[in-house]
Amino acid sequence: MPQVPTIKLNDDRAIPQLGFGVFQISPDETAEAVQQALEIGYRHIDTAEMYQNEKGVGDGIRASGLNRSDVWITSKLNNGAHEPDDARRAFEGTLEQLGFDSVDLFLIHWPLPTLYDGDFVSTWKTLEEFKADGRAKSIGVSNFLPEHLERVIDTCEVVPAVNQIEVHPYMANKELREFGESRGVVTEAYSPIAQGELLDDPVLNEIAEEVGKSVAQVVLRWHIQIGAVIFPKSTKPERMRENFELFDFELSSDQLSQIDGLDKGDAGRTGGDPATFDLVPS
């Protein structure tokens, strides 16, 4: 089994660079998918309150027979729970659903700058409470733009450990990645293969032929080499295994440059725009 590299966070904890995501995996399939991923070798599971499958994540980890300390668990705050008291209740709900007394990383899922009077700072200060009492070993944000990160860093005690944002070759998000990293914030990349839109790209297919790997493996390896934390999602064991096999090859500097050249900026976005996204689940 290959050794998954880790990245050191600004709180001195080490996060596995490759994990398993459960976005859009139905609650009744999650436990089995997580157990299979752990059998393959994944030790980092990324979920969220809004995915409604936290219970399956906990059940899958317990079914695996692994010690809780061997698995990194990330979850995220529901968009409807930004008020401090709501955030406290929501976090307690996350721990109850998972069936554990702590998570390794807890994130504000979206900044929601058009809601809550634009106040995500009080939400962040509430997450600082969870870190202080040990129930969230690390805390971070997701979908935060530079102006959102600056407000938190300038007004709060704890600098976010990570910023989980959309990153893939069609939307490299380089400026945001570099901004966060200049302030000690590690980038986590969601939608790492642009929800499948990259698979037919001729440049990527040519590189895949050159290295004898699939297009998905080439793209995921690009993420590894640019220093992002990734957590591809699949319910198929063969695809889970393929996504895990990223450490027996490297992309050359020329191949990396070719992939960098595919960036379309905002036109490549597949998800919501953090400046305007305001979905609150009913």
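Predicted model: local features only at pLDDT ≥ 70, side-chain atom pairs only at ≥ 80, totals over all residues.
## The largest pocket

The largest pocket of the model has a volume of about 910 Å³. Its lining comprises 37 residues, and those that lie nearest the centre are F23, Q24, S191, Q195 and K233. Three elements of secondary structure, namely strand 9 (186–190), helix 8 (215–226) and helix 9 (237–244), each contribute at least two residues to this lining.

Divided by class, the lining of the largest pocket holds 16 nonpolar and 17 polar residues, together with four charged ones.

For the second largest pocket the volume is about 220 Å³. Here 15 residues form the lining, and M171, N173, L176, D266 and R269 are the ones that lie nearest the centre. Strand 8 (162–166) and helix 6 (174–182) are the elements that give two or more residues to the lining of this pocket. Of the elements involved, helix 6 gives the most, with three residues.

The lining of the second largest pocket consists of six nonpolar, three polar and six charged residues.

## Residues with positive phi

Most residues other than glycine have a negative phi.

D117 is not a glycine, yet its phi is positive, at about 55 degrees. This residue belongs to the loop that lies between strand 6 (103–108) and helix 4 (121–132). The relative accessible area of D117 is 85%, so the residue is classed as exposed, the cut-off being over 50%.

S191 likewise is a residue other than glycine with a positive phi, in this case near 50 degrees. Its place is in the loop between strand 9 and helix 7 (202–211). In S191 the relative accessibility is 14%, and the residue therefore counts as buried, for which the value must be under 20%.

## Packing of helix 5 and helix 6

Helix 5 (residues 146–155) packs with helix 6 at an angle of about 15 degrees, and the axes of the two are 10 Å apart. Because angles under 35 degrees count as roughly parallel, helix 5 and helix 6 are described as roughly parallel to each other. The crossing of helix 5 past helix 6 is right-handed. Helix 6 is also the element that gives the most residues to the lining of the second largest pocket.

## Selected pairs separated in sequence

I139 is a residue of strand 7 (residues 136–142). With a relative accessibility of 2%, I139 counts as buried, because the limit for that class is under 20%. The C-alpha atom of I139 lies 5.2 Å from that of L105, although the two residues are 34 residues apart in sequence.

G93 is located in helix 3 (residues 84–98). Its relative accessibility of 25% makes G93 partly exposed. Between G93 and E54 the separation is 39 residues along the chain, and their C-alpha atoms are 9.6 Å from each other.

Technical notes. Residues numbered from 1 in each chain as written. Heavy atoms only, no water. 1 Å grid on protein atoms, 1.4 Å probe; cavity = no way out; pocket = protein on both sides within 12 Å on 5 of 7 lines; lining within 4 Å. Points joined across faces, edges and corners; volume = space filled by probe spheres on them. Helix = DSSP H or I, 4+ residues; strand = E, 2+ residues; numbered from the N terminus. Nonpolar A, V, L, I, M, F, W, Y, C, P; charged D, E, K, R; others polar. Buried < 20%, exposed > 50% of the residue type's maximum accessible area, 1.4 Å probe, protein only. Axes fitted to C-alpha atoms, helices over the stretch in contact; angles between N-to-C directions. Parallel < 35°, antiparallel > 145°, perpendicular 65-115°, else oblique. Left-handed = near helix turned anticlockwise from the far one by under 90°.
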